[in-house]
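Hello,

Here is the structure I promised to pass on to you. Please open it first, and then read my notes below.

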Amino acid sequence: MLVDWILAFTPILVILFLMIRFQWGAAKAGPAGWLVAVVVAAGRFGAGVELLALAQVKALLLTVDVLLIIWAAFLLYRVADEAGAIAIIGEALPQLTADRGMQALLIGWAFASFLQGVGGFGVPVAITAPLLVGLGFSPLVAVLIPSIGHAWAVTFGSLASSFQALIAATGLPGETLAPMSATLLGLAGFGCGFMVAHAADGWGALRRLALPVLLLGTVMGVVQYGLATNGLWNIGGFGGGMVGLAVGILITPWYRGERSQGSESGLKRRSVMLAFSGYLALIAITLVIQLIPPVRAFLGQFAIRVSFPEMRTSLGFLTPAGYGRVIPLFRHAGAILGYASLIAYLIYKRAGMYRVGAAQRIVSGTIRRVMSSSLGIAAMVAMAVVMSHSGMTDTLARGLADAVGSFFPLASPWIGALGAFMTGSNTNSNVIFAMLQKRTAELLGYGLPLILGAQTTGGAIGSVVAPTKIIVGASTAGMAGREGTVLRSLLVYIAILIAGVTLLVFAFTKVGMG
């Protein structure tokens, strides 16, 4: 029924309207969307008080699962940033080559992807754009390059918080979702590399740097795929970016450009290795916990596990009984990041890299940065769970299935991109739209891994044109007040990327992969 479909879509429409028309942040628009979802669920879809209350508890578990990673990921970034580790790495990279295209690939693609892997929150553009301006790139190009360059690393970046949201929202295991998501993102990575080269130095750079783009794209995509499909998705984007950065440094001697003598005198390898040490600790801890069965089993004993009864609306929509999101407290990705943050802090402190009051600044800076986004995520998770348990998501899926039919794979990446654009986050896009995409795919008979991979890939790429991210990048590159110019230029590249992903998804369905 059309009225039911429109009412079911209203919470999403409210968030879209408030964020785009009135420029509300997710922390304000999210609760508004949740309130509308509760009212519609109760008034039209037969959700009773008990169902709504249980849905909030279930949403709380999902929220904690996602936020633990987001908080801890940014904590690790702040630990390194306060020590000057990020600045040391950023200052070292430009000294390796004077070729403008290669500088863009090294800093705006590999380094930006590494930063997305460990931080997110607009960090890749905020840090690399000023570096590129200092190397002579125009402010506009300096924002475009890292914005495009890190797009492929968003889902498995920020220590896979977006992917964790995909798992939480759909209830499907990461082992099922990871292969196709990593495949689509890895292939999109090649597009990111070629576009970075073009943005940096025109069509000539595409021809001159085709080999480095293919090499770095292959290395980063394969490493991310290997980590993600072996249960190490929390370091997938980080590992891909880090290995890509290492390979990029190794091949720069063949793409040095015109250099002055002594230009490498400031490159201090010991300082650079020390700067990376905190992240090497993360790799070591992750491998120990994930790959040594006794350690993994011991830490997995302590978990938050809540059993929920069967929930049924007065109209007959049923949610079976079962556990909500199970959170292994000491083996959770957030806990692993916490261990790494502590070890990194001790390493940097022992090396004398902190000023007085560093610990307080790290904690306060982390809280300030993540609090607003955390409120938005919590509200949107609650909204999505209410919609799912009341039958609103099912209504939307049935209407979408009837409307687009066999063309649904063509729409799937764009739905993910729309969600990321309107909320400023691939994580939020997955929270809001993943269940809708899952249910629609089930109704139409498409493979869930492919459609959900398209959702998060589209969301990852679309997130870089979110107004909040553009504002952050523009402000650090001297483009404040000219965000519209950045958006117009960026949209061309991003639309081409998403169109490419759309064709890939459609092709996969034709060869039996979806």
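Predicted model: local features only at pLDDT ≥ 70, side-chain atom pairs only at ≥ 80, totals over all residues.

Let me start with a pair of helices. Helix α6 (residues 123-134) packs against helix α7 (residues 139-149) at an angle of about 140°, and their axes lie 8 Å apart. The two helices, α6 and α7, are therefore oblique to each other. Their crossing is right-handed. On the α6 side, the contact is made by P124, V125, T128, A129, L132 and V133. From α7 come P139, A142, V143, I145, P146 and S147. By class, the residues of this contact between α6 and α7 are ten nonpolar and two polar, with no charged ones.

The largest cavity holds about 30 Å³ of space. Its lining is made up of I12, M387, T393, L396, I432, F433 and L436. Two elements, α16 (392-404) and α18 (426-444), each give two or more residues to this lining. The largest share, three residues, is from α18. Sorted by class, the lining of the largest cavity has six nonpolar residues, one polar residue and no charged residues.

Best wishes

Definitions and conventions
Residues numbered from 1 in each chain as written. Heavy atoms only, no water. 1 Å grid on protein atoms, 1.4 Å probe; cavity = no way out; pocket = protein on both sides within 12 Å on 5 of 7 lines; lining within 4 Å. Points joined across faces, edges and corners; volume = space filled by probe spheres on them. Helix = DSSP H or I, 4+ residues; strand = E, 2+ residues; numbered from the N terminus. Nonpolar A, V, L, I, M, F, W, Y, C, P; charged D, E, K, R; others polar. Axes fitted to C-alpha atoms, helices over the stretch in contact; angles between N-to-C directions. Parallel < 35°, antiparallel > 145°, perpendicular 65-115°, else oblique. Left-handed = near helix turned anticlockwise from the far one by under 90°. Contact = heavy atoms within 4.5 Å.
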